[in-house]
Amino acid sequence: MAKKVKKVAVPKAGRKKKKSKLALQFIFIIIVFIIMSLLFLPTTFVVFFGMMPTWALFSMDGSKNKLKTVAVGAMNLAGCTYVLTDLWVTSHTLPYAISLLLKPSSMIAIYLMAMAGFVLQRVILGIVSSMMLQQARAKIKIILRRQDELKAKWGPEVTGTIPLDMDGFPLKDVPDQPAVASTPAA
Amino acid sequence: MPDSAKNTEPKVDASAPDVKSEAAGNEAAPATTEKAATSAAVNPAGKKLRLGKAVDVYMDKPIKRFKNAYVQCFQAKNLGTGSDLIAVFCDRYLPPRFNKLSHFESIQHPNLVSLVESGVVLSPLDNKEYFVLAYEDNLGAPLVEEDIGCALGIKPEDAYTYILLPIIEVLKDMRNKDLFHGTIRPSNIFRGTTPGLKKIILGDCISVPPGVVQASIFEPIERALAQPTGKGPGVLVDDLYALGVTIAFLLRPKDVLKGLSEKEIIIRKIELGTFSTVLGGANIKGNLVEFLRGVLQDDPKQRWDLDDVTAWIDGQRGNITKQPTKAVKANRPILIDGKKISFPAVLAIEGLEKPNELEALLDNRELGQWIERSIDDKAMQKGIELALKSTKRAVTSKSSMYQSKMVSRLAMVLHPIAPLRYREFAVSPLGAGIALGDAYHGDKDVSVYDEIIRNDEFIFWLTNNEGAAWDTNAMMSVFASCREFVSTTVPGYGLERCLYYLNENIPCLSPILDGYYVRTPEELLIALDKIAAKKNRAYKPFDRHILAFLLVKERNLLENSLIDINSKASWRQVFGILKVFSTIQQLAGMGELPGLANWMLEIMEPIYKRYHNRETRLELKTRLHEKCGGSLEKMFKYIDNNDVVANDSKRFKEALRDYIMLDKERDIYERGLENPGTVGVERGHQAAAVFCVIIAVCLILGFVSVSLGNHQYLGF
């Protein structure tokens, strides 16, 4: 028993160590991120305000792995890049960053790109869902046909719904029925 | 007492053809076309049968000669020689002595009836097959029409010259062929075609089992006490005994036994000896007295055999020292039901009739004291104790079997060489098979045989007769096997197995074969092949009788398949019996049996259902129907394929697994389709994300490169 406890205890300790390592790494990254944000404050300023639609969507996104946010965010970031290149090339200062953000053309570019991302995401989602729905219906038809073939070849006992003996034969005589393809559920 | 009525009164025999039923038989004649006999053709008129190649039997001309309670006789003609014959239709349940048929046929003696032809014929009278013996009809009249009361008073020298000497010559020939006649009596000795007694002819003896139709007066005491069907095979000294009684009947001037019952005659034989009983003090002149004393000895060990008789005929009287001995007699009689009994053998007879009185004698120790003081036979005394102990060990005193068992065993001890007497049955161990065959006649109650065999009554009898002429150990082994058979109730065992095991001559008595005379496995297949065409035949071509019959005739062949045949799985039953039938067909080199093959095909459904795959079933069915014809061997080869079955089973399991997997898969899709809005959302999000990221990357790269291109002065 003692050996067992020891065996169980070792991985627990390992997991704790791993967790603490990860936590340290995360803290380190945050610190580096904060330092970098402060060092490149104009860029940080533009990204923070330019990516507002993404932050808003992030807070509301219920999709798995926040994929909706990823789609919109990517396009939103492309819009921000349009402003950022100007900032980096012209003057990487906070006042200039503010002036850039206050320019209507910059805001339109950023928010249009975010909206394009949103629209693209909706359209692609619709197309893919429709395709998969059709695919599922076709798949059910194929399965039913295959099951009917199995029933025709091996009899109703192949369905597994009839009590069978050790050799796989029905305990009670069941007449063979002609195979009828069932319609899939709508 | 054994039932002797069969000896004198014709038995109503359902299986024997009845001449009076000729009209009815002819009405049913169409059925004969489908039931051709194995060795005979039926005349269209239905009155004449062909037996073998050259014997015509006239079914409209019944005759009385050789007719008895078990056989019917008809006129016949030998087409080759033109001589008259007697056709004897043998009984199905008490069959002729097949095992001795060829021996008898080979004896060509002028003083013995000559067997011309034998074989199975289909009687048009009842549409049933019978075994028929055709004898030469040169017999003339019998010495007497009726044996009972026979007292001819003929001269001793005539009896010696014309009766004794020819019969002794016949018996010598029979001894050489290991035959026992069994029916020597005045009514079975014929005068022949010459006037007077110059050429007597001894009549039929093999149409029924030995002793069955012999009157008990002509049998030694131990055989006379048995029921007619339970006497056993008999030996030549028994024939000499019968010859002695016959000679005595011919010599004596008057019937001294007139008015006496069979039981009284037997008791008189025990008390006075057969010689005195039969002759009753008649003054017999000449030297035949010595012969009669010798052959009428009641002690089988003292009885003259054929060598003694031959020596006596040759005049060597001095060499024969055997003198008549009387049964053991008590000094003081014992009273049973008011009768004074001085002989243990007589006490056994009376005790069996009055079991309560005999049991009372045992309980109040009177019997023990009588044996100890008046008989002084220690072996008998021990035997009584053993009978008591063994009975109490086997059954409780409250059991219904107790008294029967006790009384039967006491009788065995009191008269060891008498047959086994149990309730109303009196059977010698060697005659058990024949008696059992008779018991099956007309669905009589055979349970008493089951009781006798199960309770080891025969084995107890054999232990009391260890000095008997036959091999006691072998007989014990036979009855031990029988006990095993009756203890097992599955088909192939039971009392049916005992019937065929103990009686090698009996044909198969299966109700399926009703009307057919089947003696060998090959004949069984031929009969089944014909029966197959009948509308009212049984569903399966086998039953308990057929299995027991085959187990005895072809034990090695059937024993391996018996587990299959007795299995609960119907496919195994069909598989097992087809294996047996096909092997018989193959080993006997028989031709095609299309009828039986069709019958087997009708019951083949369980074999098809042995395969899961419906296509395999259909394929097998088609192959069996189209490619086998009447060959059971081919049929069996097609169904005996374990590899296919194993592969089928394996593939079925895979299919079962596949079906369940498909069910699960379908379930997933169907559940998704219940809420179509959710279908493909995740995939859609993924696709959209990937697409947007790619577009975004392209745009970013585009923006960066355009912007940097506009600012080349910065060094980009």
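How much area is buried between chain A and chain B, and what percentage of it do carbon and sulfur atoms give? About 4500 Å² is buried, and carbon and sulfur atoms give 73% of that; buried area is the accessible area (1.4 Å probe) that two parts lose on being put together, summed over both.

Before selecting anything, note that this is a predicted model, in which local features need pLDDT of at least 70 and side-chain atom pairs count only at pLDDT 80 or more, while totals for chains, interfaces and linings use all residues. Residues are numbered from 1 along each chain as its sequence is written, chains are lettered from A and ligands numbered from 1 in the order in which they are written, and side-chain values use heavy atoms, with hydrogens and water left out.

Select chains A and B together. Here 52 residues of chain A are in contact (heavy atoms within 4.5 Å) with 47 residues of chain B. Next pick A:Val89, A:Lys153 and A:Trp154, which supply 15% of the area that chain A buries against chain B, more than any other three residues.

Now show the side chains of A:Glu157 and B:Arg614. They form a salt bridge at 2.9 Å, N to O; the term means a side-chain nitrogen of Lys or Arg within 4 Å of a carboxyl oxygen of Asp or Glu. The two chains share three salt bridges.

Finally, colour chain A by pLDDT, the predictor's confidence in each residue, from 0 to 100. The mean is 84, and 87% of the residues reach 70 or more. Residues 1-9 stay under 50 and have zero contacts beyond four places in sequence. Residues 179-186 also stay under 50, with 14 such contacts.
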